[in-house]
Amino acid sequence: MWEDFKAFALKGNVLDLAIAVVIGTAFGKIVTSLVEDLIMPAVGLLLGGFSMAGATYTVGDASLKYGAFLQSVLDFFIIAFSIFMVVRIFMKFRRKEEMPKEEAVPELDKKEELLVEIRDLLKKQQL
């Protein structure tokens, strides 16, 4: 059982996934700080000092914290857009690496040139 687990855990995909989770967590913290510390205060200033996160609607004893919900929705869209941009940048780099290199056309000697000409003439006659 230990050998099977070791083979599973050391596969490239599992290691890549683990690294992606760690980086994603750190990236999420950065984006959360961006939203909470920069974007939402700016939105609050634009709305005249209104804090969206503290917005509530009270019905009897229940209080609906719709501001916190809207904050979470905004966080989601900013995180999704940020990840989209990062993936897009990585895909541009990958496309540049995967671009096929132009193969040098080998020079033909005189015999090969004659054979190519004969082939082309035969094709024209068949049409």
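A salt bridge is a side-chain nitrogen of Lys or Arg within 4 Å of a carboxyl oxygen of Asp or Glu. By that rule, the whole structure holds 1 salt bridge. This is a predicted model, in which local features need pLDDT of at least 70, side-chain atom pairs count only at pLDDT 80 or more, and totals for chains, interfaces and linings use all residues. Residues are numbered from 1 along each chain as its sequence is written, and side-chain values use heavy atoms, with hydrogens and water left out.

**View 1. The overall fold has 4 helices and 2 strands.** From the N terminus, the order is α-α-β-β-α-α. Helices (H or I, at least four residues) and strands (E, at least two) are DSSP runs, numbered from the N terminus. Of the 127 residues, 9% are buried. Buried means under 20% relative accessible area, exposed over 50%, and partly exposed in between (1.4 Å probe, protein chains only). The protein exposes about 11,600 Å², and carbon and sulfur atoms supply 67% of that area. Accessible areas come from the Shrake-Rupley method with a 1.4 Å probe; for residues, only the protein chains shown count as cover. Take the contacts between residues at least 6 apart in sequence: 41% of them join residues at least 24 apart. A contact means heavy atoms within 4.5 Å.

**View 2. A nonpolar patch lies on the surface.** Its members are Tyr57, Val59, Leu64, Tyr66, Phe69 and Leu70. Together they have about 620 Å² of accessible area. Patches are made of residues with over 30% relative accessible area and no salt bridge; nonpolar side chains (Val, Leu, Ile, Met, Phe, Trp, Tyr) are joined within 5 Å, like charges within 9 Å. Strand E1 (57-59) and helix H3 (66-98) each supply at least two residues of this patch. H3 gives the largest share, 3 residues. Tyr57 belongs to strand E1.

**View 3. Gly67 is a buried residue of helix H3.** Its relative accessible area is 0%. Gly67 and Ala55 are 12 residues apart along the chain. Their C-alpha atoms are separated by 4.5 Å.

**View 4. Positive charge gathers in a surface patch.** Arg88, Lys92, Arg95 and Lys96 make up this patch. Lys and Arg count as positive and Asp and Glu as negative; His and the chain ends are not counted. The place of a charge is taken as NZ of Lys, CZ of Arg, CG of Asp or CD of Glu. Lys96 sits in helix H3. Lys96 is exposed, at 60% relative accessibility.

View 5. Glu112 is part of helix H4 (residues 110-126). With a relative accessible area of 37%, Glu112 is partly exposed.

**View 6. Asp120 and Arg119 form a salt bridge.** Side chains of opposite charge can pair when their charged atoms come close. Here, the closest N and O atoms are 3.4 Å apart. Asp120 is partly exposed, with a relative accessible area of 33%. Arg119 is partly exposed too, at 44%.
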